[in-house]
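Here is a friendly walk through one protein model, from its overall make-up down to a few individual residues. Keep the viewer open as you read.

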Amino acid sequence: MHELALGQAIVESIGRRADGREARQVTVRIGHLRQVVPDSLQFAWEMLTDGTELAGCLLEIDHVPAAVRCRSCGARTTLDLPILQCASCEGFDVELVSGEEFLIASIDLAEPLRETSDRPPPGSTLGRPTLPRPTLPGPAQPRPTLPRPNLEVS
Ligand SMILES: [Zn+2]
């Protein structure tokens with residue numbers, strides 16, 4: 001069972017990053033071509049974490065569709081079948097844009113234990129540290145400043 005191995009890899013990865021803190025939720029990004037059955041992965045996750053310190057840690061699966069870009073005509077195709085073919089010109093000279101992902105997008109960790117009164121109430125989203133998400137490189141554009149309306153009371 002392929003999902004069991006993936007679940008085990010997630011457990012190990014959290015163990016390395018959590019550093020003794022309680023993990024509340026983990027989000028994994030899985031490409032379509034990985035052919036992971038989300039229900040099976042959830043089942044494997046519960047089996048692997050049951051009775052461990054990760055029991056109760058939610059697994060969220062972010063499914064990424066498989067897509068290719070055609071080198072001939074430039075069209076982008078979202079694949080239904082794992083066949084790397086352009087839907088526009090039916091050519092096979094395509095490059096994979098997405099679909100092979102298998103990564104942990106974020107781990108929601110509890111604060112290190114201090115005073116219990118310090119901890120945010122259950123359900124609160126405040127004060128939850130998450131790992132920084134990768135930011136896309138983009139041109140830093142200064143925000144245009146709007147001219148202030150000159151409102152003078154006459
Ligand atoms: Zn094409």
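Buried residues account for 14% of the 154 residues in the protein. Please keep in mind that this is a predicted model. The protein has 2 helices and 6 strands, and from the N terminus on these elements follow the order α-β-α-β-β-β-β-β. Among contacts between residues at least 6 apart in sequence, 64% join residues at least 24 apart.

**The helix pair**

Two packed helices are described by the angle between their axes and the distance between the axes. Here, helix α1 (residues 2-18) packs against helix α2 (residues 38-49) at an angle of about 55°, and their axes are 8 Å apart. Therefore α1 is oblique to α2, since angles under 35 degrees count as roughly parallel and 65 to 115 as roughly perpendicular. The crossing of α1 past α2 is right-handed. On the α1 side, the contact is made by Glu3, Leu4, Leu6, Gly7, Gln8 and Val11, while α2 brings Ser40, Leu41, Ala44, Trp45, Leu48 and Thr49. Sorted by class, this contact of α1 with α2 has 7 nonpolar, 4 polar and 1 charged residues.

One of the α1 residues is worth a stop. Glutamine 8 lies in helix α1 and is 37 residues from tryptophan 45 in sequence, yet their C-alpha atoms are 7.9 Å apart in space. Is glutamine 8 buried, partly exposed or exposed? Glutamine 8 is partly exposed, because 13 other C-beta atoms lie within 10 Å.

In soluble globular proteins, nonpolar side chains tend to be buried together. The largest nonpolar core in this model has 13 residues, and those with the most contacts inside it are Ala23, Val26, Val28, Leu41, Cys57 and Ile107. Elements giving two or more residues to this core are β1 (23-31), α2 and β6 (102-109). The largest share, 4 residues, comes from β1. Beyond residues up to four places away in sequence, valine 28 touches Ile10, Leu59, Ile61, Asp62, Ile104 and Ala105.

A second, separate core of 6 residues includes Ala66, Val68, Cys70 and Val94. Cysteine 70 is found in strand β3 (residues 67-70). Apart from neighbours within four places in sequence, cysteine 70 is in contact with Ala75, Cys86, Ser88, Cys89, Gly91, Asp93 and Val94.

**Positive phi in the loops**

| Residue | Phi |
|---|---|
| Aspartate 19 | near 55° |
| Glutamate 90 | near 65° |

Aspartate 19 lies in the loop between α1 and β1. With 8 C-beta neighbours inside 10 Å, aspartate 19 counts as exposed. Glutamate 90 is found in the loop between β4 (76-78) and β5 (94-98). Glutamate 90 has 10 C-beta neighbours inside 10 Å and so counts as exposed too.

Conventions. Residues are numbered from 1 along each chain as its sequence is written. This is a predicted model: local features need pLDDT of at least 70, side-chain atom pairs count only at pLDDT 80 or more; totals for chains, interfaces and linings use all residues. Axes are lines fitted to C-alpha atoms, for helices over the stretch in contact, and angles run from 0 to 180 degrees between N-to-C directions. Angles under 35 degrees count as roughly parallel, over 145 as roughly antiparallel, 65 to 115 as roughly perpendicular and the rest as oblique. A crossing is left-handed if the near helix is turned anticlockwise from the far one by less than a right angle, and right-handed if clockwise. Two residues are in contact if their C-beta atoms, placed from the backbone, lie within 7 Å. Ala, Val, Leu, Ile, Met, Phe, Trp, Tyr, Cys and Pro count as nonpolar, Asp, Glu, Lys and Arg as charged, and the others, Gly among them, as polar. A nonpolar core is a set of buried Ala, Val, Leu, Ile, Met, Phe, Trp, Tyr and Cys residues joined through C-beta atoms within 7 Å. A residue is buried if 20 or more other C-beta atoms lie within 10 Å of its own, exposed if 12 or fewer, and partly exposed in between; C-beta atoms are placed from the backbone.
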